[in-house]
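Subject: Structure handover

Hello,

Please find the structure below. My notes on it follow.

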Amino acid sequence: MKSSKLQRVQVIFREVLDDERLTITGDFSQNDSSDWDSVATVQIVLATEREFGVRLPTELVAQLKDVGQLLSALPD
Amino acid sequence: MNSITLDVAKLKESNEATLLALLELSESTALKEVWAPIIHELRHAGCKFVERFALKCDADDIWDALCEKCYLSSESAWSETLVGKWCQAKGFEALDRDAEALSRYESLSLFSLNERDSMPVALDAAHVACRLKKPLLAERFVAIATQNSNDYNTLQRAAKLYKRIDRLEQVNAKNGVLRCALLFSSTTQFLEPLLRAKARSHGIFLEIYSCDFNNFSQAIYDAESDLYHFKPDIVILGRNWRDLNFSGLSDDPEKWVLENSEEIQQHWRLILSRLNCRILQQGFDLPEHTSDGQLSASGKTGRLRAIRALNASLVENKLALVSMIDFSGLQARVGFSTWSDERMWFLARQHPAPDGLPFVVSEYLAFLRAITGKTKKLLVLDLDNTLWGGVIGEDGLGGIKIGQETPQGESFRAFQEYLLELKSRGVLLAVCSKNNAYDAKLPFERHDGMVLSLDDFVAFKANWQSKDASIIQIAEELNLGLDSFVFVDDNAAERALIRRKLPEVTVIELPDEPADYKSALEQGRWFEAIHVSDEDANRTQDYCNQAQRRNLQKSASSLEDYLESLGMRASQGVVDSQRLDRIAQLVHRTNQFNLTSRRHSLEALSEMINTACYWTQWFSLSDQFGDQGIVGLVLVEIREKEWHIDTFLMSCRAIGRGLEDYMLNRLMQSAKEAKAETVVGYYESTAKNEQVASFYSDRSFTVRSNTESLVVYEIEVSEFEPKSTTIDNKMNA
């Protein structure tokens, strides 16, 4: 069973990368999707901030490459 | 983990945040045994709850179990509420039973939910419709969400869905394509999808050209740039405070303002000299942080003061083809907390914050609708609890709340004052109320607290028939399209009825609080205009005269008798600069009796009247009931011995009176005097000008060529036989 956090993030990735069947893990990274460009990163961050009610630091956003980084910045 | 005991009675009354927290801690047994039986009774559950509940059920794989217990059946208690039905739809989606999911979504009355919840559910429904390859249905769901939402994430989702719909079926956009160039000093990557989606939900399909980030000057100055090759109809100049260079400000603020203002005016002149387009200039917003505190607004070298002066200077020097967006005013309405996110500038050169973008896009859309003839014309109003508090038929004259005695009465009065302002700007008002006619008129005639009076309305329907029938009657009587109607009613059931029966009518989602009516109505910017003319203030009177004419028509024995008895007189003349604003308004607003619907810009029109190769003529009409002002226009391009009718249009107020023949006779007469041999007419079909499809063939023109959307007609001048009319020539202006 996936953690609820990962599940909620997966909904966001499916939406932003426009792929309804997408399954992600903590290892899922920019190399795994050609649609994950810098614009997509910002969209992912905005949607994640809204979903979890947090504000992510600029440093993290600028270096965001994989799902694991994002998960570690989110509350349980 | 020790489980938590949930008190079911308390859960039912808990707010959504509490529900979410408790749901998070629940395991699959609790989902099945505690939550499932009471889903439909959770009073404060909304969109977030449904999403999370569905995710939990997905993760624990319990939808099959819930289905076995009949929760998804249409007989189950879940079907009794919106949240319940939504959960059922989510369940069917998880079980790959999309057809059943869609039928649940379709049975939801979306607007009974609040905005925050109803828009996501519409998009969920669109997703399923896309999977089932039903593009039209999907498009309808997305349009509802897109038109009504100002939420960034919702609109981004909608934009993605539109792309998905396009992959299913290329929507035919021949009548609504608008070419739009974005010259911005910030990135447009986040704005573009929103702008495209909002426009499309209003029936406008955009081709967008965007200059490279902050390369707008180069695009403007270089005559060979992509901007000029793109040939836009609209150029949006998107500046903001960040691109202003403040370094010269401390030396001479006035010079700084002048230089910046002149640079922008130079941009306007260059663009307009090279393109036949309109410009939308975004004024400057204000920085949130100013190191000099209050002095920034009042000190001689203050930044806020300088930016305000620059905005004022742009408005002062505005050209006719330039429209301004009051960007700092918009910023104030939206508020700094939504408008500013410094991170987004540093990370992506996005300004303002993404959450502010939906509001920016809504402003653009009001303008785009205005220039494409999609501005609304008539406001249909309910009475009880819409124009006054209470029910006149039950509470009586003394019981209704209107006027300055009570706070509630004051809020209704303020709404009426706003409506009166709209009326004086040329918006038509009509009443549609379920009431006895006598009761309905009483407050207008006898209550001191009322602002509106009976003669402010062009139609007054107070009866017991269904409201869609009354609205259709109003449309027929005034000869207006339903898509120019806006409907305001406090009763959700009436709103739902109109949405279902008359989808062309725009229905305002009125809040419970009368003090908020004004902002709900204003939010959609339905009545935005780009020109103001003398005819605006008299429009209501014109339409009332129209109603009197109709009465006369009813009592006349034949159409000829009726037209004869009107005593019509026309006057006409060459289009001159003095009448140009009204002419431009006609060119932009006229949809039905318009043979070509070519929306010439003010500047293009002004060029036409100054060249010898155009014959132009305006027509005005008056009769015993009053003067209607300029209601007809003909523009002809003269190509040696051939006269080509570029524009032949008539305001809908003048339809059915024979003016079109008077106009054509006049045109043919002039062609003859100018020794032209052939007159060529064009019919370009749109969604609205069906009624003039056979205009030329009815008058003995023959078809020269015929393609899908364009028919070209011709007639030898010597062979034309004028139709007689009952219109006298008043004078030659």
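Of the contacts in chain A between residues at least 6 apart in sequence, 48% join residues at least 24 apart; contact here means heavy atoms within 4.5 Å. This is a predicted model, where local features need pLDDT of at least 70 and side-chain atom pairs count only at pLDDT 80 or more, while totals for chains, interfaces and linings use all residues. Residues are numbered from 1 along each chain as its sequence is written, chains are lettered from A and ligands numbered from 1 in the order in which they are written, and side-chain values use heavy atoms, with hydrogens and water left out.

Chain A has four helices and zero strands, in the order α-α-α-α along the sequence. Helices are DSSP runs of H or I with at least four residues, and strands are runs of E with at least two, numbered from the N terminus.

The radius of gyration of chain A is 11 Å, which agrees with the value near 11 Å for a compact globule of 76 residues. That radius is taken over C-alpha atoms, and the globule rule is 2.2 Å times the number of residues to the power 0.38. Along the principal axes, the C-alpha atoms of chain A fill a box of roughly 30 × 30 × 20 Å.

Chain A meets chain B through 24 residues of chain A and 28 residues of chain B. About 2400 Å² is buried between them, 47% of it from carbon and sulfur atoms; buried area is the accessible area (1.4 Å probe) that two parts lose on being put together, summed over both. On the chain B side, B:Lys160, B:Arg343 and B:Leu347 lose the most area to chain A, together 25% of what that side buries.

Regards
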